[in-house]
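Subject: The structure, and what turned up in it

Hi,

Here is the structure I promised to pass on. Have a look at it first, and then read my notes below.

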Amino acid sequence: MQFHYDPLLTLLSMLPGLAAEYKDNETGLHVIRMSRYTQLLARAAGFSDADAERILHAAPMHDVGKIGIPDAILRKPGKLDADEWQVMQTHAAIGGRIIGQHSSGLLKMAHDIAVSHHEKWDGSGYPAGLAGTDIPLEGRIVAIADVFDALTSERPYKKAWPVEQAVQLLRDEAGKHFDPELVPLFIELLPQVLQIKEQWAEERA
C-alpha cells in the first residue's frame with residue numbers, strides 16, 4: 001500500500017518523542033531535525049520514497065523509552081556515573097517494549113529504531129551488542145542523524161559543536177560506531193542537512 005504524507009500522522013508520530021524530549025534536556029526541534037536528516041539519508045541509501053517517508057514518521061519515536069528513566073538521571077547536568085549510565089542504557093529496551101512487537105509497517109520500523117539506534121557497527125553498543133549488518137538499517141541511519149544533531153546543538157550541559165568538528169567525528173567513527181557506507185552518504189548530503197538545520201534552528205523558533 002502506498003504510504004502518503006499526512007500532517008496529522010506526522011504530529012501523532014512525534015508525540016511519543018516529544019514526551020520523552022520534555023523530560024530530557026533536548027528539544028522537540030531535535031526530533032524534527034533528526035527525523036528529516038534520517039529521511040534524506042534513507043533515500044540516499046536506497047529506500048523507496050514510501051519507506052523514506054515511513055522512517056520520517058518512525059524516527060521521532062527513537063527515544064520514547066526515556067519516559068521510563070528517572071528524572072534525576074535524565075536531567076542530570078553533569079556526567080553520569082557508572083550505575084546511572086547503566087540505567088540510562090535501558091531506555092532502548094524500554095522503548096521497544098512501549099512500542100511493542102509488530103510484523104510490518106510504521107510501528108515495526110519504530111520498534112526496530114528504538115531498540116537499535118544505540119548499537120554500534122563494531123559491536124560495542126547497546127542493548128544487544130549487535131554488530132555490522134546485524135543492526136537494522138533504519139537503526140544505523142538514525143544513529144548518524146541523531147548523533148550529528150546532538151553534537152551540533154546546544155544543551156544545558158554543552159556548547160554546540162561546529163559542523164566541521166561533528167563531520168570529522170563521523171569520519172573518525174565510520175567502521176567503529178557508524179556504518180562505514182552510510183557516513184560518506186550523509187556527508188554528501190550536508191548541504192541539504194544544513195538547510196534543514198537552519199530551517200528548524202532553535203533560535204529561529
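Which residue just after α6 takes a positive phi? That is G100, with a phi of about 85°.

Before going further, a word on where the values come from. This is a predicted model, so local features need pLDDT of at least 70 and side-chain atom pairs count only at pLDDT 80 or more, while totals for chains, interfaces and linings use all residues. Residues are numbered from 1 along each chain as its sequence is written, and side-chain values use heavy atoms, with hydrogens and water left out.

**The overall picture**

The chain has 11 helices and zero strands. Both kinds of element are DSSP runs numbered from the N terminus (helices are H or I with at least four residues, strands are E with at least two). Of the 205 residues in the chain, 49% are buried. Here buried means under 20% relative accessible area, exposed means over 50%, and partly exposed is in between, using a 1.4 Å probe and protein chains only. The accessible surface comes to about 10,000 Å², and carbon and sulfur atoms hold 56% of that; the areas come from the Shrake-Rupley method with a 1.4 Å probe, and for residues only the protein chains shown count as cover. As for contacts (heavy atoms within 4.5 Å), take those in the chain with a separation of 6 or more: 63% of them are between residues 24 or more positions apart.

**Helix α6**

Back to the helix we started with. Helix α6 covers residues 91–99, and its buried residues are H91, A92, I94, G95, G96 and I99. What lies over them includes α5 (82–89) and α7.

**Around D63**

The side chains of D63 and H91 are joined by a polar contact of 3.0 Å. By polar contact I mean a pair of N or O atoms within 3.5 Å; within protein, one must be able to donate a hydrogen and the other to accept it, and residues adjacent in sequence count only if both atoms are side-chain atoms. A polar contact, again at 3.0 Å, links the side chain of D63 with that of H117. D63 has a salt bridge too, with K66, where the closest N and O atoms are 3.2 Å apart. For a salt bridge, a side-chain nitrogen of Lys or Arg has to be within 4 Å of a carboxyl oxygen of Asp or Glu. Are these two partners buried or exposed? D63 counts as buried because its relative accessible area is 3%, and K66 is buried because its value is 9%.

**Other salt bridges**

Side chains of opposite charge can pair when their charged atoms come close. How many salt bridges does a search of the whole structure find? It finds nine.

One of them is between E202 and R33, with the closest N and O atoms 2.9 Å apart. E202 lies in the segment after α11 (190–199) and R33 in helix α2 (residues 28–44), so this pair ties together parts that are 169 residues apart in sequence. R33 is buried at 2% relative accessibility, whereas E202 is partly exposed at 31%.

Another pairs K108 with D112, the closest N and O atoms being 2.8 Å apart. Both residues lie in helix α7, four residues apart, or about one turn of the helix. Salt bridges with shared partners also join R33, D149 and E202 into one network. As for K108, it is partly exposed at 32% relative accessibility, while D112 is buried at 13%.

**K158, without a salt bridge**

K158 is in the loop between α8 and α9 (163–173). This residue is buried yet has no salt bridge, and the nearest side chain of opposite charge, E154, is 8.4 Å away. (Lys and Arg count as positive and Asp and Glu as negative; His and the chain ends are not counted.) What does the side chain of K158 reach? The backbone oxygen of A150 is at 3.0 Å, and that of S153 is at 2.6 Å. Leaving aside residues up to four places away in sequence, K158 touches A150, L151 and S153.

**A cis bond**

Finally, have a look at the peptide bond from Y126 to P127: it is cis, with omega near 10°. P127 is in the loop between α7 (105–116) and α8 (137–151).

Cheers

Key:
Lys and Arg count as positive and Asp and Glu as negative; His and the chain ends are not counted.
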